[in-house]
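The sequence and model come first, and the description follows.

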Amino acid sequence: MTKKILCTVGTRPEAIKMAPVIRALQADPDFDCRVLATAQHRQMLDQVLEVFGITPDIDLDIMQPGQTLTGLTGRLLIRLEEVLASERPDAILAQGDTTTVLATALASFYDRIPFGHVEAGLRTGDIANPFPEEMNRVVASHLTRWHFAPTRFAADKLLAEGYPAADVHVTGNTVIDALYHVAATDPGTGLDLDPSKRLILMTLHRRENFGEPLLRICDALARLVADNPDVQMVLPVHHNPNVRGIVRERFGAMDRVILCEPLDYTAFVAAMKAATLILSDSGGVQEEAPALGKPVLVLRETTERPEAVEAGVTRLVGTRAEPIRAAAQELLDDPAAYAAMARRESPYGDGKAAGRIVETLRRDLL
């Protein structure tokens, strides 16, 4: 008998990482895959779904200007209750650590529908950092039937917390499935880049970096660009006004800095491929860039993705200006230091994670 699986996505990173799972389920005649978009982030979500040819079956269009976490969570739970009452899926899947994931896991629990958590087991050990993601994923784990851990390290975290070994499955990270699919197409960035200059790609969006940390990061990168005439920087500016205003004020008049709207996923992959160096507070970039052989300086105080740091292909540099500038300058100046990080090593998977997730569902549901 065909089993109905409801896959929820709310933000751009969720859509990227759920797309391979959705496509694998849609291609399997034993499953009826239904896609629910909460649209926690509207425009950036739509970009990714279009890239992968995915059309939501249900769209809650939940995003509101200036939305609070409390308001968003409440609206999601009410709407999800309505959807589950009408859809009655056999299982529900969601990815990561957003408010969409927290609400989906909780609504599934209330309705006694088994929940599968894609990219389970990430931890910093600090419930407030990243905020609110660490809390979201810890709570979601308590409500999860299938923990799809991206690495052995993540699986061991779950086992140490007491989750049954039979419920924890090391699959690899689905972001590598998505990355390999898109990287093979090589669509170009669509940006007016100077091929004679080395490219620094920077992304910023983390809530815990709003305010003073963001100002320090911008100061470090502004100095780095000024000190290196052979460098240009591309910064896709996140839509959040806490980021947008500061970034545009700091870099808007600078030569060799390209501020652009958030790139669609294909263009962003092309930008990563073209980059000499990447600085980012994004979790996904920490996973993707090493697979492309690109060093990443992580603009955060903690990371729940230590595998790449331990492999030496990413470096946690925090949010203080001088350590950021010094680390980036070393990689620009020292070929040996650069080569040590630019090794095209992927501790996060082999591009076959989605197939392993589907096979686990097949074994347990069919």
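## Salt bridges and the domain interface

Arg305 and Glu119 form a salt bridge, with 3.6 Å between the closest N and O atoms; the term stands for a side-chain nitrogen of Lys or Arg within 4 Å of a carboxyl oxygen of Asp or Glu. The model is predicted, so local features need pLDDT of at least 70 and side-chain atom pairs count only at pLDDT 80 or more, while totals for chains, interfaces and linings use all residues. Residues are numbered from 1 along each chain as its sequence is written, and side-chain values use heavy atoms, with hydrogens and water left out.

The chain is assigned domain 1 (3-172 + 351-365) and domain 2 (189-342), with bounds from an automatic or database domain assignment. Over C-alpha atoms, the centres of domain 1 and domain 2 are 28 Å apart. Domain 1 gives 23 residues to the contact and domain 2 gives 23 residues, where contact means heavy atoms within 4.5 Å.

Between them, domain 1 and domain 2 bury about 1800 Å², 57% of it on carbon and sulfur atoms. Buried area is the accessible area (1.4 Å probe) that two parts lose on being put together, summed over both. There are 3 salt bridges between domain 1 and domain 2.

A search of the whole structure finds 33 salt bridges. Two pairs are listed here.

| Salt bridge | Closest N and O atoms |
|---|---|
| Arg305 and Glu119 | 3.6 Å |
| Arg34 and Asp57 | 3.6 Å |

Arg34 is in strand S2 and Asp57 is in the loop between H2 and S3, so this pair ties together parts 23 residues apart in sequence. Helices (H or I, at least four residues) and strands (E, at least two) are DSSP runs, numbered from the N terminus.

## The sheet

An open sheet has 7 strands in the order S3-S2-S1-S4-S5-S6-S7, with parallel pairing. Strand S3 (58-59) and strand S7 (168-170) are at the edges with a single partner strand each, so one side of each has no neighbour in the sheet. Two strands pair if DSSP finds at least two bridges between them. Strand S1 (residues 3-9) and strand S2 (residues 31-37) run parallel and are joined by 7 bridges. Thr8 has Leu36 as its bridge partner in S2.
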